[in-house]
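This report describes a metal site and the packing around it. The sequence and structure come first.

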Amino acid sequence: MGIPGRTDDHQWSQQHLSHYVEGELRPRARHRLDRHAWECVDCLRGIRAMRALVHAVQGLDGLAGVRAPATIFDRVRLAGAGGSPSSQNT
Ligand SMILES: [Zn+2]
């Protein structure tokens with residue numbers, strides 16, 4: 001307690017957690033947050049939580065990028081048309 005600038009550092013760190021985790025901070029700012037998180041459990045937790053969040057979001061993006069096989073659409077279309085596939089080899 002009573003450390004000058006600690007509160008400022010804390011508020012600043014809280015505001016830049018997401019940038020820090022995404023690697024968008026300049027080296028100097030990154031170092032500042034690093035140093036603060038070293039002695040601030042709140043910010044350390046914040047970084048971990050933010051990392052987990054970023055990781056989860058990236059995971060969702062990965063899922064969205066996966067395309068369903070075209071055959072699925074063919075089957076749905078055929079089923080919707082009410083007809084049986086005329087060229088089914090299996
Ligand atoms: Zn802090």
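## Zinc site

In this predicted model, a zinc ion is held by four donor atoms: ND1 of His 10, NE2 of His 36, SG of Cys 40 and SG of Cys 43, at 1.9 to 2.3 Å. The angles that these donors subtend at the zinc ion run from 102 to 120 degrees, so the arrangement is tetrahedral.

Along the chain, the donors are spaced as H-x25-H-x3-C-x2-C. The two histidines link distant parts of the chain: His 10 belongs to helix α1 (residues 6–21) and His 36 to helix α2 (residues 27–39), 26 residues apart.

## Buried residues at the site

His 36 has a relative accessible area of 1%, so this residue is buried. Ser 13, located in helix α1, is also buried, with a relative accessible area of 0%.

Leaving aside residues up to four places away in sequence, Ser 13 is in contact with Leu 33, His 36 and Cys 43. Of these, His 36 and Cys 43 are also zinc ligands.

## Nonpolar core

In soluble globular proteins, nonpolar side chains tend to be buried together. The largest nonpolar core here has 12 residues, among them Trp 12, Leu 17, Val 21, Leu 33, Ile 47 and Val 54.

Helices α1, α2 and α3 (41–64) each give two or more residues to the core. The largest share, four residues, comes from α1.

Methods. Residues numbered from 1 in each chain as written. Predicted model: local features only at pLDDT ≥ 70, side-chain atom pairs only at ≥ 80, totals over all residues. Heavy atoms only, no water. Donors = N, O, S within 2.8 Å, 3.2 Å for Na, K, Ca; no water. Tetrahedral: all angles 85-135°; square planar, octahedral: opposite > 155°, others 65-115°. Buried < 20%, exposed > 50% of the residue type's maximum accessible area, 1.4 Å probe, protein only. Contact = heavy atoms within 4.5 Å. Core = buried A, V, L, I, M, F, W, Y, C linked by side-chain atoms within 4.5 Å.
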